[in-house]
Structure formats: structure tokens, C-alpha cells
Amino acid sequence: MTAKVVTVTSGKGGVGKTTAVANIAVALAAKGQKVVCVDGDIGLRNLDVVMGLENRIVYDLVDVIEGRCRLRQAMIHDKRLPELYLIPAAQTRDKTAVSPSDMVLLCNELRLECDWVLVDSPAGIERGFHNAIAGADKIIVMTNPEISAVRDADRVIGLVEAAEKGSPELVVNRLNLAMVKRGDMLSVDDILDLLAIELIGIVPEDESVIVASNRGAPLTLDAKSKAGQAFQNIARRLMGEEVPFLELDTQGLWQRLLGRK
Amino acid sequence: MNFVDRIIGRKQSASSAKERLQFVLIHDRTDLTPAELEALKDDLIETISRHVDIDSTAVSITVAQDGRSQRLVADIPLRNATRSRFR
């Protein structure tokens, strides 16, 4: 096997990176892929609780890097799916416990083990971010349709390009269609104009995201959830499928009557 | 934004967010503050004036965006050389 390593990052915190990693991972695993998620947020781990695996942690990422356990021992199997694993972050250490070259080695070892490695990056643009992108083949930048999140995304895109990691792809998360229609929220087109990178997903705002994380149950398996559907579409695009983006009717009735864009 | 705002032509908040972001991103990406841009403009005027006669009041220096790359665009109107020679 030679896995593709995909890192999800954003600059700003709270835009939905961890939720995205958990849900894209579940969607890929549900398609029969072998997936390993790596929580790169050392000291502030959360992917374990979002995935509902917090009670099963024995070893973590820093244990692997410092040689206290073998890679396989730190991979927690999510039993709801045949081939989904999590390597949790260490909670009592900080990001200096890992270096970018450690991450490159770890990713190379994981490449032989599975089809996909999904790395959840911490917020910020310091060491933790550089660790998270070091071993990546593809980088996904997440943003919300909100001024500060878009500004931070732009900064991160610049840093990814400066690190010679190629142009990242964009996920716009928490889009509220009603607000876009009213002209009170940046549209996906506005954000694409500003950031000028390729789009890989549009995720609508959806209450079921919180409900799913409360339960530690993957949202992607809930067929009724619009956000879950959007994450499944991202997984399909990663696998090379052409999936149309959500039809976004952003022209409200009055705008149409007034002929305004 | 409600109907009343639209009738009286108040700007939608999304378009002001976009305009503000356009401005802020240019400066984030280039690391050029508006003050530095002004200083650059003054230096340019001084240098170019040593070689040709320009209308220094009409010089404009802007940062234009082209995808993810920026370019510095200078518009420097020249004064008509023949006219000044016979003046």
C-alpha cells in the first residue's frame, strides 16, 4: 500500500478541522479504504473525543516518536468500520515534543500501512502547523464564511505555498444558505475570488454536527445529515470521483426581481 | 439584510466583508503597509523626475491582484517634452 497523506489545516481555530478529519475518515473507511487519522494537536487533543475513542487510548503519537511503542500499538481501531484507525495526540506534552522530520518519518511508515493518512493540524502557524504539513501529499485548508477565518486561511495558503507543498484545496465549512441569500454572508464564490485556490468541498451549517460529536458517533453515517453528505462528497473527490458541488441558489427573490446580483 | 435596507440602498454586509478582505489581504500578502507604499511612491517620483519630466501630482501606485500573485502597478503621466522645451 502507498497511502496518500492529507493534512487538514486552517490557521484560525474552531472552523471545523477536527470534525472534518473525523467525517472524511469515516466516509473513506465506509468505502472500503484503510484509513489512519493522526491527531497533530499535541497538548490539546480532541480527535479522540469527536471520534468517540477516548476510552481506548493506551499509547499516543509522542510514544511512537520517542520509541516507547510500535506504530501498530498506537493505532486505535474504530470497530464501527473495518479499517479505520486513530493515532491520538499526547495530552501532557507540547508541540516541541515532535519535529517536522519526525512527522515525515511517521508518515512514510504509515504510507506502507494504509490507503489514507489524515492529519488533523492544530490552529496557528507555529511548530504544530509545520509538523502537521511536513509529511503531507495534499493539504486541505478549511475556512468559514467569516472575515477572520478567510483572512487566516489566506495566510496559511501563503505559508503552504512557501513550504513548497503545492497549492492547497479549500473547504468552506458552516455555510448558511439563508444568510448568503440575504447578502449577509460571504458566498463560496466571494471566498474563491479572494483566496484564488481550488475548491474541494462546501459544508452547510448543520446542527447534527454538534449532536454527532456529543455522542462521539460519526455524522457521515447519518444519511439525513446535509453536512454528513458534504463530507462524503469530499471523500469521493479525494478518491478522484467527479462530484458536483451543492447547487447554491444564492439569488434571493427580491434580488432576482430587482435584477441585482 | 431586510427589505427596507434594500429599498434605501444600504449595502449588504457580505459585500463590505469582501471589500474589506480584498484590501487587508493585499497588505497581508505583500507585507506593504499603506505608509510604505506612500514612501515608495515618493522615492519613485524623485528618481523618475531626474530623467523625465512627470506630473508628480497624478502619479498612482497600486497593488493589483492576479490570482494569488500581486503586482505593483505604477501609472506615471509624462509631461509633454516639446511643450516644456519651447516654454
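1. Let's start in the middle of things. The largest nonpolar core of this predicted model has 87 residues. The ones with the most contacts inside that core are A:Ile24, A:Ala25, A:Val35, A:Val36, A:Leu61, A:Val117 and A:Leu118. Which element gives the most to this core? That is H1(A), with 9 residues.

2. Pick one of those core residues, A:Val36, and look at what surrounds it. Leaving aside neighbours within four places in sequence, A:Val36 is in contact with A:Met75, A:Tyr85, A:Ile87, A:Leu110, A:Glu113, A:Cys114 and A:Val117. Notice that A:Val117 also sits on the list of residues with the most contacts inside the core.

3. Now find the sheet in chain A. This is an open sheet of 8 strands with mixed pairing, and the order across it reads E3-E4-E2-E5-E1-E6-E7-E8. Strand E3 (76-77) and strand E8 (198-204) of chain A stand at the edges with a single partner strand each, so one side of each has no neighbour in the sheet. If you wonder what holds such strands side by side, strands of a sheet pair through backbone hydrogen bonds, either parallel or antiparallel.

4. How many of its 6 residues are buried? The count is 5, so E1(A) is mostly covered. On one pairing, E1(A) runs parallel to E5(A) over 5 bridges, and A:Val5 has A:Val117 as its bridge partner in E5(A). E1(A) is also joined to E6(A), again in the parallel sense, by 4 bridges. There, A:Thr7 has A:Ile139 of E6(A) as its bridge partner.

5. Carry on from E6 to E7. Strand E6 (residues 138-143) and strand E7 (residues 169-175) of chain A run parallel and are joined by 4 bridges.

6. Helix H1 (residues 17-30) of chain A lies across strand E1 (4-9), strand E2 (35-39), strand E4 (84-87), strand E5 (116-120), E6 and E7 of chain A. H1(A) runs at about 170° to E5(A).

7. H7 has a helix partner too. The axes of H7(A) and helix H9 (residues 188-195) of chain A come within 10 Å and cross at roughly 35°. Is the crossing left-handed or right-handed? H7(A) passes H9(A) in a right-handed crossing. On the H7(A) side the contact is made by A:Val150, A:Ala153, A:Asp154 and A:Ile157, and on the H9(A) side by A:Ile191, A:Leu194 and A:Leu195. Sorted by class, that contact has 6 nonpolar, no polar and 1 charged residues.

8. In the interface, 16 residues of chain A are in contact with 18 residues of chain B. H7 and H9 of chain A each supply at least two residues of the side that touches chain B. The largest share of that side, 6 residues, comes from H7(A). The chain A side divides into 7 nonpolar, 3 polar and 6 charged residues.

9. A few words on chain B. Chain B has 4 helices and 2 strands, and along the sequence the pattern is α-α-α-β-β-α. Of its 87 residues, 5% count as buried. Among contacts in chain B between residues at least 6 apart in sequence, 42% join residues at least 24 apart.

10. Finally, some loop residues worth a look. Most residues other than glycine have a negative phi. A:Glu164, in the loop between H7 and E7 of chain A, has a positive phi of about 55° although it is not a glycine. A:Glu164 is exposed, with 6 other C-beta atoms within 10 Å. A:Ala196, in the loop between H9 and E8 of chain A, also has a positive phi, near 50°, and is partly exposed, with 17 other C-beta atoms within 10 Å.

11. One more loop residue: A:Gly166 is in the loop between H7 and E7 of chain A. Why does A:Gly166 count as exposed? Because it has 12 C-beta neighbours inside 10 Å, and 12 or fewer makes a residue exposed.

Note on methods:
Residues are numbered from 1 along each chain as its sequence is written. Chains are lettered from A and ligands numbered from 1 in the order in which they are written. This is a predicted model: local features need pLDDT of at least 70, side-chain atom pairs count only at pLDDT 80 or more; totals for chains, interfaces and linings use all residues. Two strands pair if DSSP finds at least two bridges between them. Two residues are in contact if their C-beta atoms, placed from the backbone, lie within 7 Å. Axes are lines fitted to C-alpha atoms, for helices over the stretch in contact, and angles run from 0 to 180 degrees between N-to-C directions. A crossing is left-handed if the near helix is turned anticlockwise from the far one by less than a right angle, and right-handed if clockwise. Ala, Val, Leu, Ile, Met, Phe, Trp, Tyr, Cys and Pro count as nonpolar, Asp, Glu, Lys and Arg as charged, and the others, Gly among them, as polar. A residue is buried if 20 or more other C-beta atoms lie within 10 Å of its own, exposed if 12 or fewer, and partly exposed in between; C-beta atoms are placed from the backbone. A nonpolar core is a set of buried Ala, Val, Leu, Ile, Met, Phe, Trp, Tyr and Cys residues joined through C-beta atoms within 7 Å.
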